[in-house]
Structures are given as structure tokens and as C-alpha cells.
Amino acid sequence: MYKLGNNNIQRRSLLAKLGRLLGSTVPYVGGGLATFASGSSDAQGMYSGTLRSLPELIDPIVKGAPLFKTRIRIEMPLLADNGNLVSLGIKSNLPMTQNEYVQKIYLLSQRNPVVQMALFYLGPWSGDANISTRVRLAGSQFIVALAQTSKGEFYYDQFDVIVTESACVDGS
Amino acid sequence: MSIARLQVLGDLREGQIVRIRLLIQHAMDTGYLQNISGQNIPRNIIKKITCQADQFEIFRVDPSSGIAANPYFEFSWRVSPAKILRTLWVDDIGVEGELLTPIDVKINS
């Protein structure tokens, strides 16, 4: 199923190119084991074969605002047996005070037919910006958690996950 | 049988941060799957969930089809004096749900 040969190398060089595009302020964690896989999803009229790049995912939301890859972390299994239900935690140590707090957390998917898996609205009444949920994943990909603070800054993390059985496809 | 459950973890004392677990029973049909006779099951997703503590919104989430069936959310809340947690949700076909959870907040004296 996984091809660790050419695909991975192409992916690494692609990510490196993307990193150069956005400048050195944004470090990119490339590589990982997420590979290209075509499934029966096409037969069901669902277009989810393409992997979106990180700028494609976050640029429509960030719109040039300051972006940092710190202080927020995704916690989920490296390998998910079943894409229909994958537990996912977002941990962050961003301040949650009256003056500065996390307003929104976007949960974005690289491959799912719907990019934005969920949008959480938080505030100083939340106390902290830690969230757990369970998501559906249409195949191996990286997940992005993007937090928007009240000062207009963005913090993100990405996590590579291998999904052996995609959601959206009837396994039976 | 209730269709949702809400559980508060931690000390419900004013100013403390507690964790709230919310589980709603819902199929969250994506619209991509077919039933046994090959017809598409139409999309039906919970599109908005809010949790209020005495009218004040403490948590809101807009899920999409990327959230698993029977959506589960765990979030934090800095406890403020409130008597009831009210959870509301609505799905694509307009079915609304409500869960009322009475809470007993200890006030700092």
C-alpha cells in the first residue's frame, strides 16, 4: 500500500519548495509517511484524491496575518486503523485571558472532501484552549489545527497520520 | 432514552477550570455512502452545537462531515456562577436538539 520510494522524495522536495515560497519564518515539517493512495472513492463520485498543500489549506483563513508554528499541538495516533473514527486532541498553551485569548480553532484536512472538519469558538471563559474530538479521515494525510487569537495572530500545527481504511468509502 | 450526554469533570467551583465532555447521538451522514439498494444516503450533518451556561455561550462548534458519527467534544470551561448548562444543536434537515444539565457551582465566599 505504501510507497516509500519516489513518492516520498517528490513530497519532500515539494514541501521544501513550499517552505521557500513562504519564506523562512514559517518552518515546515515535511516528509512523514503519508503517501498517495487511490481508492474506490472515485467510483462514488467523491473527489478526494488530491492532496492539498499547506498554503492551500491555511491561506484563505490566514490572509497574510502573522503565522507561527508553536504553542499548539495535535495529539492523535500515528496510524489510524479506521478513518471513520479517529480520536484527535488539540493541546495549546496559548494565553486565555481577557486581553488575549484564542478566538477560533480551525481543524483542516488535506484530503477530505470537506476541508474544514470543524471550527471551534472559544473565549476567555474557556480557561484553556484544549479540545478533544473524533474525526473522519479520507485516507493518509496531514491534519492542520489553526488557532486564531484575539490579536489577529495565527498558530498552527500539522500532524501526519496514516489511515489504513478510508472513511467515505463503504468497506462492506 | 436520551440522545445526548454531558459530563463535567473536575471541581465545579467558581474560577476553576473544568473539562466538559459532550456526546450527541447522530448518524452524521456524509452524503457519500450508499444504502443496501445502491441509493445515496443524503447528507445530514449537525452543523452547529452550542453550550450555554445560563444564556452565556461558553462553547460553540461548527462541525462538518469530517466529524465522526455520534460527535464527541471535550472542552474546558472556567466555572462561573450558573445553574444550568444548556446544549443546543441543529442538523442539516433542521432537527434541533436540546440537553439541559443542572449544575451545582460552589461560590467562593
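## Ground rules

Because this is a predicted model, local features need pLDDT of at least 70 and side-chain atom pairs count only at pLDDT 80 or more, while totals for chains, interfaces and linings use all residues. Residues are numbered from 1 along each chain as its sequence is written, chains are lettered from A and ligands numbered from 1 in the order in which they are written, and side-chain values use heavy atoms, with hydrogens and water left out.

## Where the chains meet

Let's start at the interface. Here 32 residues of chain B are in contact (heavy atoms within 4.5 Å) with 30 residues of chain A. The size of an interface is often given as the accessible area lost when the parts come together. For chain B and chain A this buried area (accessible area lost on being put together, 1.4 Å probe, summed over both) is about 2,500 Å², with 50% of it on carbon and sulfur atoms.

Which kinds of polar pairing turn up here? There are 20 residue pairs in polar contact across the interface, both residues at pLDDT 80 or more. A polar contact is a pair of N or O atoms within 3.5 Å; within protein, one must be able to donate a hydrogen and the other to accept it, and residues adjacent in sequence count only if both atoms are side-chain atoms. Salt bridges (a side-chain nitrogen of Lys or Arg within 4 Å of a carboxyl oxygen of Asp or Glu) number 0 between chain B and chain A.

Strand 2 (17–24), strand 4 (56–63) and strand 5 (72–78) of chain B each supply at least two residues of the side that touches chain A. Strand 4 gives the largest share, 8 residues. Strands here are DSSP runs (E, at least two residues) and helices are runs of H or I (at least four), numbered from the N terminus. By class, this side of chain B has 18 nonpolar residues (Ala, Val, Leu, Ile, Met, Phe, Trp, Tyr, Cys and Pro), 7 charged (Asp, Glu, Lys and Arg) and 7 polar (the others, Gly among them).

Strand 4 of chain B also runs antiparallel to strand 6 (residues 116–121) of chain A, joined by 4 bridges (strands pair if DSSP finds at least two). Within this pairing, A:Phe120 has B:Val61 as its bridge partner.

## Two positive phi values

Most residues other than glycine have a negative phi. A:Lys63, in the loop between helix 2 (54–62) and strand 1 (67–68) of chain A, has a positive phi near 55°. A:Arg71, in the loop between strand 1 and strand 2 (72–75) of chain A, has a positive phi near 65°. A:Lys63 is exposed at 69% relative accessibility, and A:Arg71 is partly exposed at 40%. Buried means under 20% relative accessible area, exposed over 50%, and partly exposed in between (1.4 Å probe, protein chains only).

## Salt bridges within the chains

The structure holds 11 salt bridges over all chains. In one of them, the closest N and O atoms of A:Glu75 and A:Lys91 are 3.0 Å apart. A:Glu75 is in strand 2 and A:Lys91 in strand 4 (residues 86–92) of chain A, so the pair ties together parts 16 residues apart in sequence.

In chain B, B:Glu74 forms a salt bridge with B:Arg19 at 3.1 Å between the closest N and O atoms. This pair links strand 5 and strand 2 of chain B, 55 residues apart, and both residues are buried.

Note on methods: Buried area = accessible area lost by both parts, 1.4 Å probe.
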